[in-house]
Amino acid sequence: MTILITGVAGFIGSHTAEFFLKKGDQVIGLDNFDDFYDKQTKILNLEHAKSFTNFSFIEGSILDKRLLEKIVSSSGIDLVIHLAAKAGVRPSIINPTLYQTVNLDGTSNVLEAMKKNPSTKLIFASSSSVYGETNKVPFKEDDILSKPLSPYAATKIEGEYMCKHFCELHDLKYTILRFFSVYGPRQRPDMGISKFFKQLIFQQPVTFYGDGTSRRDYTYVDDIVQGISLSAHLPGDGEIINLGNSEPITLQKLISSMEKVVGKKALIEYQDPKEGDVTQTYANIELAKRLLGYTPTTNLLKGLRKQFEFLNIRNNA
């Protein structure tokens with residue numbers, strides 16, 4: 001296949017690119033090096049991908065409609081894996097307009113580009129945040145999405161509907177994947193586990209927003225990439241699929257596990273819960289198992305060790 005990956009220099013994007021490159025597929029990566037975090041970090045994320053002759057990188061934005069149309073129409077793209085987005089719940093509350101512009105206008109541009117090459121299939125990266133605050137667990141794909149707690153979550157819900165209506169109107173193939181609390185090497189520095197590792201290593205206070213009983217369905221990045229790769233072979237008939245680990249972990253247990261990995265005790269600092277944070281995420285992955293043969297293989301302790309080893313290597317490089 002020839003695959004376009006938007007957001008290729010990011011955490012999940014760079015891992016996804018390497019997987020398909022190793023398979024021998026042609027991968028075109030698009031990224032604008034958004035300043036949400038350090039550009040050099042993203043350049044390092046692409047270091048391995050750039051060693052493959054079947055990889056080409058384009059620096060550009062999904063807001064550049066003409067660029068997207070040129071890439072899709074001139075490169076014979078078979079599959080678009082659309083990962084590019086403004087990420088993060090709390091920053092979206094501060095600047096909701098920016099999130100709407102990038103996540104919705106950008107997705108619209110991707111869809112418009114695909115319309116000019118209707119044989120192209122789309123995988124759209126959504127999020128567990130679409131389920132919002134609910135006591136109905138585990139989260140199932142046909143749950144009603146009525147309680148998003150942040151503009152980020154709202155843009156992901158609207159992005160899903162945009163893909164559905166546009167692709168059905170223009171007879172395009174698409175699949176929607178909802179990612180649950182992804183962690184592992186190259187995780188964004190603003191995300192919880194990355195921050196907690198830094199705080200543990202330097203014996204800084206580890207901030208608990210709430211009492212530590214909130215739960216997250218932490219999913220190792222290789223398991224997410226497994227789900228993406230398996231989804232590439234679906235018909236693209238509008239499938240919506242959770243990709244999680246289906247084993248939610250409390251914040252208290254997460255920190256306890258990280259203490260074992262780092263070999264240091266955490267200095268806990270309790271603060272009030274943050275606006276936009278849900279109390280739990282928990283994926284029902286029966287559909288992923290049935291449609292994809294998806295099976296998460298990395299438990300939390302093993303995944304945390306891999307992320308910690310990576311941080312040590314990169315920090316000492």
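Let's start in the loop between strand 6 (173–179) and strand 7 (182–183), where you will find Ser181. Since this is a predicted model, everything we meet here is read from computed atoms. The phi of Ser181 is near 40°, a positive value in a residue other than glycine. Is Ser181 buried or exposed? Ser181 counts as buried, because its relative accessibility is 19% and the cut-off for buried is under 20%.

Look at the loop between strand 2 (26–31) and helix 2 (39–45), which holds Phe33. Phe33 is not a glycine either, yet its phi is positive, at about 50°. With a relative accessible area of 10%, Phe33 is buried.

Going from Val137 to Pro138, the bond is cis, and its omega is near -5°. To locate Pro138, follow the loop that runs between strand 5 (121–127) and helix 6 (151–169).

Next, turn to a pair of helices. Two packed helices are described by the angle between their axes and the distance between the axes. Here, helix 7 (residues 192–201) packs against helix 9 (residues 251–262) at an angle of about 50°, and their axes lie 11 Å apart. That angle is why helix 7 is called oblique to helix 9. The crossing of helix 7 past helix 9 is right-handed. On the helix 7 side, the contact is made by Ile193, Phe196, Phe197, Leu200 and Ile201. Helix 9 brings Leu251, Leu254, Ile255, Met258, Glu259, Val261 and Val262 to the contact. Sorted by class, this contact between helix 7 and helix 9 has 11 nonpolar residues, one charged residue and no polar ones.

Which residues of the largest nonpolar core touch the most other members? They are Phe179 and Leu254, out of 63 residues in this core. Helix 9 gives the most to the core, with six residues.

Let's zoom in on Phe179. Apart from its neighbours within four places in sequence, Phe179 is in contact with Ile12, Leu83, Ala125, Ser126, Ser127, Ser128, Ile224, Ile228 and Leu243. There is also a second, separate core of 24 residues, and among them are Leu4, Met114, Cys167 and Leu172.

Notes:
Residues are numbered from 1 along each chain as its sequence is written. This is a predicted model: local features need pLDDT of at least 70, side-chain atom pairs count only at pLDDT 80 or more; totals for chains, interfaces and linings use all residues. Side-chain values use heavy atoms; hydrogens and water are left out. Axes are lines fitted to C-alpha atoms, for helices over the stretch in contact, and angles run from 0 to 180 degrees between N-to-C directions. Helices (H or I, at least four residues) and strands (E, at least two) are DSSP runs, numbered from the N terminus. Angles under 35 degrees count as roughly parallel, over 145 as roughly antiparallel, 65 to 115 as roughly perpendicular and the rest as oblique. A crossing is left-handed if the near helix is turned anticlockwise from the far one by less than a right angle, and right-handed if clockwise. Contact means heavy atoms within 4.5 Å. Ala, Val, Leu, Ile, Met, Phe, Trp, Tyr, Cys and Pro count as nonpolar, Asp, Glu, Lys and Arg as charged, and the others, Gly among them, as polar. A nonpolar core is a set of buried Ala, Val, Leu, Ile, Met, Phe, Trp, Tyr and Cys residues joined through side-chain atoms within 4.5 Å. Buried means under 20% relative accessible area, exposed over 50%, partly exposed in between (1.4 Å probe, protein chains only).
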